[in-house]
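User: I would like to go through the labels used for this model. Please give the criterion behind each one.

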Amino acid sequence: MNKKILENLEKTDSKDVLRNKKRIEIASTIAILSENKKIREENISIIKKEQNKDGFWLEYSYEKEEEGVGYYGAIPTCFCILALIDDYKKNKDKESLDSAIKACDYLYSQEKNGYFLKASINKTDVINTNLMCALALIETSKVMNKKSRRNEIYVSAAARTIRRSINSQHLNGAYPYTSYGLTVPFLYHPMTLALLIRLSNYFNDSYLEYSILKGIRYLKRIIRKNGSINWDK
């Protein structure tokens, strides 16, 4: 990472002045990317402290008009899991692993046929959200006891999620925003593609590889050779 960007990141306060609360999405990012051990530990501590007793983390809106009451959110929960697993890999802190497993158990309880409940007040079947949950489960399974029952169910849930995602791909290679949806917001196609590429490291699946290839071809038709986006397309 660029040194200047990293320095600015490490100076960032994870507190949201609008809500007067810690934003665990920011704390998770700092915990993973910072090269300063003290800063990493401070943000991991925030993550652990803010975990709900059921295992998830609350999501808060950034809008002034929205209520200041938090609710279960899959994305912040995934960010926290990934940060905790990263911490476990670096420090072998069992408390971080236990916290991640507790969160994964909650995510798993919200999964059905590769769809994860996005949030307690938003049930939208969003592909990149589903894949983020799959990634959090897979990354946790990789550091667990291979004979663990959880290891098997986490990997199975991730596999179902991948299948659901690529079954939603359009004939032209585009990934829609929601499973089996019609709209393809440009931001979400590369997000979905990147997550599938990451997950393909754990699954030897020709159907998945072909889906990724189609997704890359679609992206190449929109990205010019100089790297700019052809918005007309």
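Analyst: A search of the whole structure finds 5 aromatic pairs. Rings of Phe, Tyr and Trp (its six-membered ring) pair if their centres lie within 6.5 Å. This is a predicted model: local features need pLDDT of at least 70, side-chain atom pairs count only at pLDDT 80 or more, and totals for chains, interfaces and linings use all residues. Residues are numbered from 1 along each chain as its sequence is written, and side-chain values use heavy atoms, without hydrogens and water.

User: Why is the pair of Phe 56 and Tyr 106 called tilted?

Analyst: The ring centres are 4.8 Å apart and the planes stand at 50°. Planes under 30 degrees apart count as stacked, over 60 as edge-to-face and the rest as tilted. So the pair of Phe 56 and Tyr 106 is tilted.

User: What makes Phe 56 count as buried?

Analyst: Its relative accessibility is 8%. Buried means under 20% relative accessible area, exposed over 50%, partly exposed in between (1.4 Å probe, protein chains only). Phe 56 therefore counts as buried.

User: Which residues of α7 are buried?

Analyst: Among them are Ile 153, Tyr 154, Ile 162 and Ile 166.

Terms used
Helix = DSSP H or I, 4+ residues; strand = E, 2+ residues; numbered from the N terminus.
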